[in-house]
Amino acid sequence: MSAPTTELTTPVEAAPPAHAPRRGWGIARITLLLFFVVVVLVPAYVLLVTSFKGLGDATPARAWLPPTEWSTAGWARAWELLLPSMGRTFAMVIPAAVISSFLGAMNGFVLARWRFPGADLVFTLLLFGMFIPYQAVMIPLIQLMQGLGVPSGVPSLIVLHVAYGIPITTLIFRNYYAGVPDELMEAARVDGAGMLRTFGSIVLPLSGPAFVVVLIWQFTSAWNDYLFALFFSNSRNGPVTIALNFLASGQLQDYSASMAGALIASVPTLVVYILLGRWFVGGLMAGSVKG
Amino acid sequence: MNRGLRSWAPPFLLVLPSLVVVGVFVYGMIAINVNTSLTDRRGRGPATQYVGFDVYRELFADDTFIYSLQNLLIYTVVFIVGTLLIGFMWAWLLERGVWGEGFFRAVYLFPMAVSFIASGVVWRWLLNNAQGDRASGLNRLFEVVGLDFLQNSWWTHPRFGIAAIALPAIWQLAGYVMALFLAGFRGIPRELHEAARIDGASEWQLYRHVLFPQLRPIALSAIIIVGHMSLKVFDLIMAIAGQTNHTTQVPATQMWIEFTRGDYAKSAAIGTILLLVVAVLIVPYLVSTYRQERNR
């Protein structure tokens, strides 16, 4: 059952050399694969085409056709409405991702390489936090955050994404550090390095790939979060998911602006996916999805 | 004793901050939430007394809540079966290596990077229930390609409307299941292939008796991961159908509605029920992880 967790650092490998498949099957296979590419891209086509439509184009009969006249008015409206929330989302996601990654690295190191009695129980108890439905903590959580005096909007959301990010970042780092060669740890021990020395000068410098995976993961899940955003912010101090849903569910049915907005709100995570796709897959392998 | 303490105190101190945070934010909050659900805190004011399981009895006597639990079941079945079938099929098609594999993988996986709120914007349009002349979205597409009989009311259907919400969810996560299975296929030692061939196994026998059984643990992991996401469905419903739509009600949306009404005890009780449903799936998984840890 640990399969997805142990696959972390080896994202899907390249295919082994194919041994002469039967020709007919080869063609059928490519056809099927291409058919699914079309199916998967249909929503992207609709988003693009509709986002460039003017108001006159929005008739049901022309729903699937490209615009008669390309208009960027929808993009302009969406951009204006979403811009402030995009800034807030960046201000929330970056510290949340960085802080939870460092906590995860510390935990992962201890739980994989410098264990104490009961470490396995601690790990399991931490892991449970990854799976809970946040509805089961929401009401006391609101009281807690008020009690701590954390303002709603970005500050609250940073605290929440750090706190509930700890389980997954710990899991990813723990699996990564479990693969660090024993010899390195032994060498450190022989040289008399203590725990912090070993972590700081031997383990951390090796942690680049794991940090990439964890940062991508935390960035994406915090960026895409809607549940915490709904409970802990409002339309004036909320992140982009709040602003986008507000725009899209408005009475005006401004399809071109909402679809342009959906594209704008997805650009940062799509850029991460395109640039760092290989590690993105690694993150997916890491076990679970927050939220 | 002192030596032991000295050796395990530092690592324990290093994880202590996280333990405190998770202890408070996960276990502490769950405890307080359960406590709230047992009180009479039905409005903005503080609770005055414990009423035991009254709120729970009320919920299970409420048709709307039963309906939303049934919805959750339908959604989960459709979502799990859909992602597993499609994800597995994609992995199988790609497994031997195919020209342009990287491209196919990238396309199948990209929806995963998008938020449910953003994809909800387009799926709300695709799953528009208008039919005939007013049809847009998929209903219009069916008409254009001559498959009019496929036109339907999507998420407004009184009983199976919730299944329509599973379509975008499948669209978003089938690629993830594909990645899991693909890693599984590639992780099977080549010797197993060779051995089966030497024994004269046909292509189908190789899959049926050698490769598929090896993928069973992956399938189980996929079910647990996709299943626990499924039980928490919320964003997609808010984006596509909105919170007030009866046909797509699930416990998570009802929890939000009760919260906005100020019925904190009821809202907390729904959260607790949802936690129990997820725990049925997750706790056996965690117990087995714990056993593996112990044996490390």
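Reader: Quick one to start: how does Ala187(A) count at 38% relative accessibility?
Author: Ala187(A) counts as partly exposed, because its relative accessibility is 38%. Buried means under 20% relative accessible area, exposed over 50%, and partly exposed in between (1.4 Å probe, protein chains only).

Reader: What am I looking at, and how is it numbered?
Author: This is a predicted model, where local features need pLDDT of at least 70, side-chain atom pairs count only at pLDDT 80 or more, and totals for chains, interfaces and linings use all residues. Residues are numbered from 1 along each chain as its sequence is written, chains are lettered from A and ligands numbered from 1 in the order in which they are written, and side-chain values use heavy atoms, leaving out hydrogens and water.

Reader: Where does Ala187(A) lie?
Author: In helix α7 (residues 182-190) of chain A. Helices (H or I, at least four residues) and strands (E, at least two) are DSSP runs, numbered from the N terminus.

Reader: And how many helices and strands are there in chain A?
Author: Chain A has 13 helices and zero strands. Of its 291 residues, 56% count as buried.

Reader: Switching to α9(A): is that mostly covered or uncovered?
Author: Mostly covered, with 13 of the 17 residues of α9(A) buried.

Reader: How do α9(A) and α12(A) cross?
Author: The axes of helix α9 (residues 208-224) and helix α12 (residues 255-275), both of chain A, come within 10 Å and cross at roughly 165°. Axes are lines fitted to C-alpha atoms, for helices over the stretch in contact, and angles run from 0 to 180 degrees between N-to-C directions. α9(A) and α12(A) are therefore roughly antiparallel to each other. Angles under 35 degrees count as roughly parallel, over 145 as roughly antiparallel, 65 to 115 as roughly perpendicular and the rest as oblique.

Reader: Which residues make the contact of α9(A) with α12(A)?
Author: Ile216(A), Phe219(A), Thr220(A), Trp223(A) and Asn224(A) from α9(A), with Ala265(A), Pro268(A), Thr269(A) and Val272(A) from α12(A). Contact means heavy atoms within 4.5 Å.

Reader: What about α3(A) and α8(A), what's the angle there?
Author: About 115°, with the axes of helix α3 (residues 73-113) and helix α8 (residues 195-203) of chain A 12 Å apart. That makes α3(A) roughly perpendicular to α8(A).

Reader: Which residues meet there?
Author: Ala105(A), Met106(A) and Phe109(A) in α3(A) meet Met195(A), Thr198(A), Phe199(A) and Val203(A) in α8(A).
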